[in-house]
Each structure stands twice: as C-alpha cells, then as structure tokens.
Amino acid sequence: MVPAHLSEMWRAWGVPAAIVIGGSAGSIEALGVLMPALVAGAAVPVVVVVHLRPSEPTMLPLVLARRCALPVRIPDDKQPCSAGVVWLAPPDFHLLVELDRSFALSLDEPVHFSRPAIDSLFMSAADAWGPNLVAIVLSGANRDGADGARAVRERGGLVVVEDPATVEFPVMPAAAIAAADPQIVAARPAIAALLAEMTAGGAPA
C-alpha cells in the first residue's frame, strides 16, 4: 500500500505516460524489490539504465525477467518504446528516447565515466514526455542522474529518489536530491508500492 503522503502527491500529479529508472552500485538489489511491483499489462513503458561493465556480457535481462511480470528487453536502434515492457539499456551504449518516442543507441562519450548514462536517458525522455514522465533515481556511487532528474523536474515531471539514508551507496540519490529537489524521497518498499499503483493504470484509492 502506498503511504498516505505519497498517495497525496501521486493523486495531485497524475498517471504517467512513461517511467525511467536509473541506478549504479547497489541498484541491482533495489531493482530486485521494484521489479516484482510492476503490474502485468502495464499501459506505460519502463526504461532502465544500470551502469554495467562494457567488457562483459550482461545477464541482467534474465535476472530481472525472473522477478517481473512484464517482458524485459534490450531495444534495437529506432525501435518504438512500447508500453508494457521493461526496456534495459545495453552495455556500452547510451540509451536515448527520440521525440517520436523511439529509441536511439549512442556511442557518444561516457557521461560521469558511464556509458550507458542515466543523465542521457533522463534528459532525452524529459524532452519526449515532458510533464507526463516519472524518473526514479536509485542507489549509486557517483552523481550520474542528478542533471537528468533536474531536467525532468524542470519540465514538470515527477522525480522520485531512493532515500540516501536507507542505501549502501548514497552518493547518487543525494546528488539527485541536491540538484532536482524531488517531489518524493522514499525507501525501496514505498517506491515499489508507488510503482504498483502507477503501472496498474490508476491513482491509489
């Protein structure tokens, strides 16, 4: 169940058109809590960037798919960002959302030493969805995601940040809080409950 103060914020803001999630160190554990909350047949796309080592094949799609009622896919360049799917950035590519809400894979320079970068996804998604976007910043050990979260906030989107006091690697969420003044700062279980309501397609009772 969504805590009462989050329900009030969620009702005031509205139903999202898309959800973007970014994290680094400690975020796999966070996703293990959040992914089971996503509702099958969700009417929104969920796009995830996790900092991955480019030199190693990733098992993350399989790991997340075991915990999630939605299919988990790595998109191709120019593929539409369809609803009801968890889209995962591939290793060593920035994942961007174009204005027509299709994906673009980029080999531009790393951002904050990271490719894929959370900032790249969040900024492009803010341009594509504007005030109908939810951005979630999870645990991590650098400030990637802070500028992207600010871009989402400036365009009227809803920014949710994992509470730095509850994570092992607080640098990333703390930087996002300082840069973006997020509407919601909460621990993983509360964020999971919020995601369940959002992907169910309606505001909480």
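Student: Which residues of α4 meet α5, and which ones on α5 do they meet?

Tutor: On the α4 side they are Asp-119, Phe-122, Met-123 and Ala-126, and on the α5 side Ala-146, Asp-147, Gly-148, Ala-149, Ala-151 and Val-152. Keep in mind that this is a predicted model.

Student: How do the residues of that contact divide by class?

Tutor: The contact of α4 with α5 has 7 nonpolar residues, 1 polar and 2 charged.

Student: And what is the angle between α4 and α5?

Tutor: About 10°, with the axes 7 Å apart; α4 covers residues 118-129. Angles under 35 degrees count as roughly parallel, so α4 is roughly parallel to α5.

Student: OK, next pair. At what angle do α5 and α6 pack?

Tutor: Helix α5, residues 146-154, packs against helix α6, residues 171-180, at about 40°, and their axes are 8 Å apart.

Student: Is that crossing left-handed or right-handed?

Tutor: The crossing of α5 and α6 is right-handed.

Student: Which residues make the contact?

Tutor: From α5 there are Ala-146, Ala-149, Arg-150 and Arg-153, and from α6 there are Ala-175, Ala-176, Ala-179 and Ala-180. Sorted by class, the contact of α5 with α6 holds 6 nonpolar and 2 charged residues, with no polar ones.

Student: Changing topic. Where does Arg-115 lie?

Tutor: In the loop between β6, residues 103-106, and α4.

Student: Does Arg-115 count as buried or exposed?

Tutor: Buried, because its relative accessibility is 18% and the cut-off is under 20%.

Student: What does the side chain of Arg-115 make a polar contact with?

Tutor: The side chain of Asp-92, at 2.9 Å. A polar atom of the Arg-115 side chain also lies 3.0 Å from the backbone oxygen of Asp-108.

Student: Which residues is Arg-115 in contact with, leaving aside neighbours within four places in sequence?

Tutor: Asp-92, Phe-93, His-94, Ser-106, Leu-107, Asp-108, Glu-109 and Pro-110.

Student: Last one, Ser-27. Which helix is Ser-27 found in?

Tutor: Ser-27 is in helix α2, which spans residues 27-34.

Student: Buried or exposed, for Ser-27?

Tutor: Ser-27 counts as buried, since its relative accessibility is 0%.

Student: What is Ser-27 in contact with, beyond its neighbours within four places in sequence?

Tutor: Val-50, Leu-138 and Ser-139.

Definitions and conventions
Residues are numbered from 1 along each chain as its sequence is written. This is a predicted model: local features need pLDDT of at least 70, side-chain atom pairs count only at pLDDT 80 or more; totals for chains, interfaces and linings use all residues. Side-chain values use heavy atoms; hydrogens and water are left out. Axes are lines fitted to C-alpha atoms, for helices over the stretch in contact, and angles run from 0 to 180 degrees between N-to-C directions. Helices (H or I, at least four residues) and strands (E, at least two) are DSSP runs, numbered from the N terminus. A crossing is left-handed if the near helix is turned anticlockwise from the far one by less than a right angle, and right-handed if clockwise. Contact means heavy atoms within 4.5 Å. Ala, Val, Leu, Ile, Met, Phe, Trp, Tyr, Cys and Pro count as nonpolar, Asp, Glu, Lys and Arg as charged, and the others, Gly among them, as polar. Angles under 35 degrees count as roughly parallel, over 145 as roughly antiparallel, 65 to 115 as roughly perpendicular and the rest as oblique. Buried means under 20% relative accessible area, exposed over 50%, partly exposed in between (1.4 Å probe, protein chains only). A polar contact is a pair of N or O atoms within 3.5 Å; within protein, one must be able to donate a hydrogen and the other to accept it, and residues adjacent in sequence count only if both atoms are side-chain atoms.
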